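Subject: Structure for your review

Dear colleague,

Please find below the structure that I am handing over to you. My notes on what was found in it follow directly after.

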Amino acid sequence: MSKCIISPSVLASDLSKLSDECQRMIDNGCDWLHMDVMDGNFVPNITMGAPILTWVKKNVPEIFMDCHMMVADPAKWVPEVAKAGGKSYTFHYEATSDPEGVISLIKQHDMLVGLAISPETPASVITESLGNAVDMLLVMTVRPGHGGQKFMPECLEKVKELRERFPGKNIQVDGGVGSGNACQCARAGSNVLVAGTAIFGAEDPKKTIQEMRSTVDQVIAEQKK
C-alpha cells in the first residue's frame, strides 16, 4: 500500500474565504485539498468551477488541488481545470460511457487521473485495464452531492476488493471519514483519506490530521511486516 495522503474536503470549509481556508489546512499539515466540483446535474448541488479554482491557485501557489468532478460531462471540463491549476482530476464512472477517452484526455493535460465509483456501483466495473490506466481509485462512502452525511461502512468491501486487485494504487475514500474510522478505512486498504467536517470543523485541525495520518501509517507498517 502506498503512503498516507490526507485531503481535506473544501465542501466543509467557509467557502466565502476559500483561499484562506486552503492555506489554513496546508499550515496544519494536510497533503492535498479535495476540491468538490458539482454541476447541479450529475448531483443535485452546485459548488464551484474552474474560475474559483484559478483564484485559489493564484492565492495559494503551493496547493495540490485534488479535483473531484461530480459532473455529468467529465471530458468537457478537463482543459479548464488543467488551466486553473488542478493537479488531479477524478471523474465518476457513472458519468460517462467512454471512461478510456476521459482518462486519455486528462493525461494529455498533464494531470493525475482518478476514477470514482458511487455507493451503488460495484467494484467489478473497474476492469484491470481501467484500474491500471489511472493513478487513483475513489470509493465513495456516502452518496455524492452533499457534505456531512453518515459514513457507509459497507462500501469498504469494495476498497478491500480493489486493494487486492491493485496493490500499489492510491485508493481514496470520501464521505463521513474522520479519526474515528480512519483505522477501518486503512485496514480495508485505503491510503488516501478525504475528510470534510472532521477536519474543517475540528477545534485543532492539526491534531486531527496527525491522528488520521498516524493511524494510517501504523496500518501500513503492520501490513508490511
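The side chains of Asp 174 and His 68 make a polar contact at 3.3 Å (a pair of N or O atoms within 3.5 Å; within protein, one must be able to donate a hydrogen and the other to accept it, and residues adjacent in sequence count only if both atoms are side-chain atoms). His 68 is also joined to the side chain of His 34, by a polar contact of 3.2 Å.

Please note that this is a predicted model, in which local features need pLDDT of at least 70 and side-chain atom pairs count only at pLDDT 80 or more, while totals for chains, interfaces and linings use all residues. Residues are numbered from 1 along each chain as its sequence is written, and side-chain values use heavy atoms, with hydrogens and water left out.

The annotated sites

In the unreviewed UniProt entry, the annotation "binding site" covers His 34, Asp 36, His 68 and Asp 174. These residues gather at one spot, because no two of their C-alpha atoms are more than 10.6 Å apart although they span 141 residues in sequence. The entry's annotation "active site" covers Asp 36 and Asp 174. UniProt positions are given in the numbering used here, feature names are shortened, and annotations may be inferred rather than shown by experiment.

His 34 belongs to strand E2 (residues 33-38), and Asp 36 lies in strand E2 as well; Asp 174 is in strand E7 (residues 170-174). Strands are DSSP runs of at least two residues (E) and helices of at least four (H or I), numbered from the N terminus.

His 34 is buried, at 0% relative accessible area (buried means under 20%, exposed over 50%, partly exposed in between, with a 1.4 Å probe and protein chains only). Asp 36 is buried at 3%, and Asp 174 at 8%. The side chain of Asp 36 reaches the backbone nitrogen of Val 10 at 3.5 Å.

The aromatic pair

The structure holds one aromatic pair. The ring centres of Trp 32 and Phe 64 are 4.5 Å apart and the planes are at 10°, so the pair is stacked (rings of Phe, Tyr and Trp, its six-membered ring, pair if their centres lie within 6.5 Å; planes under 30 degrees apart count as stacked, over 60 as edge-to-face and the rest as tilted). Trp 32 is buried, with a relative accessible area of 9%.

Yours sincerely
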